[in-house]
Amino acid sequence: MIGRHHARLLQTGGFARFAGAVDPAGDQYGAVLDPDKVFPSVEALLAATTPDFAVIAVPTAQHAAAAAELARAGVHVLVEKPLAGTVQEAEETIAAIRDAGVRGAVGHVERYNPALLGVREHLHEIGQVFLISTERVGPFPDRIRDVGVVMDLATHDLDLVRWLGGEPVAQVAAQTAVRMGREPHEDLVLITGRLRNDTTFNCVVDRVTPTKRRRTRILGERGMLEADTLTGDLVLYKNASATVADPFAQALRGVSEGDAIRFALPRPEPLRTELETFVAYIQGDDDAGVVTLEEGLHTVQVAAAALRSAQTGETVSP
Ligand SMILES: NC(=O)c1ccc[n+]([C@@H]2O[C@H](COP(=O)([O-])OP(=O)(O)OC[C@H]3O[C@@H](n4cnc5c(N)ncnc54)[C@H](O)[C@@H]3O)[C@@H](O)[C@H]2O)c1
């Protein structure tokens, strides 16, 4: 699903030359323009060519093995999110990348969503942030998943909560449910938590909702920013400044209301921005803005803590 979009951008984006794609199942979606550039294994790819970098877009449980194999061959790796399916594999992946002396980063593509980049730009307008609230719900996908929603989807939210809130996660508590009969993989999770700087957050994530929603709300002392990462929209609601005297209008708006601004944002494709950022990073730009391996590890640790909390009923410090 995501590999074919990487392939499209790497072949047509103009910021890289395409070395090839590896998939033991072949090119099921006709994503590769030149059939000679489809390989059944990393070994076969490496026998034909030595790429500068690779995007790891295999099932999550196989990230660690694929990333390590390519890193050992001297290839920089951009690992799709989550960095790995377990904390141990995430740590092993970082060690393999460090030992090989190559560069690595994690593909948390939401970081490049125009609406969330806009949130970062306008954060100062709402003052001290005290709540970050995310909603990522939608229908059950037709693809078989090797992990539940916590690792698969909530890792997007856990990464952006930390990124927007500016500090690592200190505590999480979670409730999960299995509604689609795919034990042991949960398809619904509710997470509440607190960052080290005391900002509170909650995330509602599932794949059992009949319509897709991707919303992030940031509440601060002077107002609220609301981002919709499906449409790329961002709205700033300022705290109340005008009294609403008309009783009918009051029923709709409350006793007072503030200004609201919907920002007109440039909308480049987030996946393209992610790839361009990684290319700049491997060319030596340390401040390019990649999601670092350590950040990717922290997100896997927090996701594991959420799963532990759901199991034990306790609040967990990752
Ligand atoms: N950043 C995002 O928004 C985003 C979106 C979707 C998926 N992902 C991540 O990308 C990864 C892939 O997800 P997907 O939905 O594209 O999965 P998918 O099942 O659609 O595709 C995985 C592909 O990997 C191939 N494959 C399996 N083992 C392989 C191996 N050892 N070497 C090479 N190819 C192999 C499969 O044949 C399949 O074509 C997951 O980790 C997922 O979390 C990220």
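Predicted model: local features only at pLDDT ≥ 70, side-chain atom pairs only at ≥ 80, totals over all residues.
Which residue in strand 4 is the bridge partner of Val55?

Okay, the answer: Val55 has Leu78 as its bridge partner in strand 4. That pair belongs to the contact between strand 3 and strand 4, residues 76–80, where the two strands run parallel and are joined by 4 bridges. Zoom out a bit and you get an open sheet of 3 strands, ordered 3-4-5, with parallel pairing. Strand 3 (53–56) and strand 5 (104–107) are at the edges with a single partner strand each, so each has one side left without a neighbour in the sheet. On average, neighbouring strands here are turned by 20° against each other, ignoring direction.

Now follow the chain into the loop between strand 4 and helix 4 (87–100), where you'll find Pro82. Have a look at the peptide bond that joins Lys81 and Pro82: it is cis, with omega at about -15°. As a reminder, most peptide bonds are trans.

Lys81 brings us to the ligand. A polar backbone atom of Lys81 sits 2.9 Å from an oxygen atom of the ligand. Gln62 contributes through its side chain, with a polar atom 3.0 Å from a ligand nitrogen atom. Then there's Val58, which has a polar backbone atom 3.5 Å from an oxygen atom of the ligand. For those of you who like surface areas: the ligand taken alone exposes 850 Å², and the protein buries 80% of that.

Who else is around the ligand? There are 22 residues, and the ones that come nearest are Met1, Asp23, Thr60, His63 and Arg145. By type, the shell splits into 10 nonpolar, 6 polar and 6 charged residues. And why do we say the ligand lies between two domains? Domain 1 (2–109) and domain 2 (110–267 + 290–312) both give residues to the shell, so the ligand lies between them.

Strand 11, residues 223–228, pairs with strand 12 in the antiparallel sense over 6 bridges. Within that pairing, Glu226 has Val235 in strand 12 as its bridge partner. The two strands make a hairpin with 4 residues between them, and in the turn Gly232 has a positive phi of about 75°.

Next step: strand 12 (residues 233–238) is joined to strand 15 by 3 bridges, again antiparallel. Here Leu236 stands opposite Ile261 in strand 15, while Tyr237 has Ala260 as its bridge partner.

Last stop. Which residue other than glycine has a positive phi, near 80°? That's Asp198. You'll find Asp198 in the loop between strand 8 (188–195) and strand 9 (200–206). For context, most residues other than glycine have a negative phi.

Technical notes
Residues numbered from 1 in each chain as written. Heavy atoms only, no water. Near = heavy atom within 4 Å. Polar contact = N/O pair within 3.5 Å; in protein donor to acceptor, adjacent residues only side chain to side chain. Areas by Shrake-Rupley, 256 points an atom, 1.4 Å probe, with all protein chains shown as cover. Nonpolar A, V, L, I, M, F, W, Y, C, P; charged D, E, K, R; others polar. Domains from an automatic or database assignment. Pairing = 2+ DSSP bridges. Axes fitted to C-alpha atoms, helices over the stretch in contact; angles between N-to-C directions.
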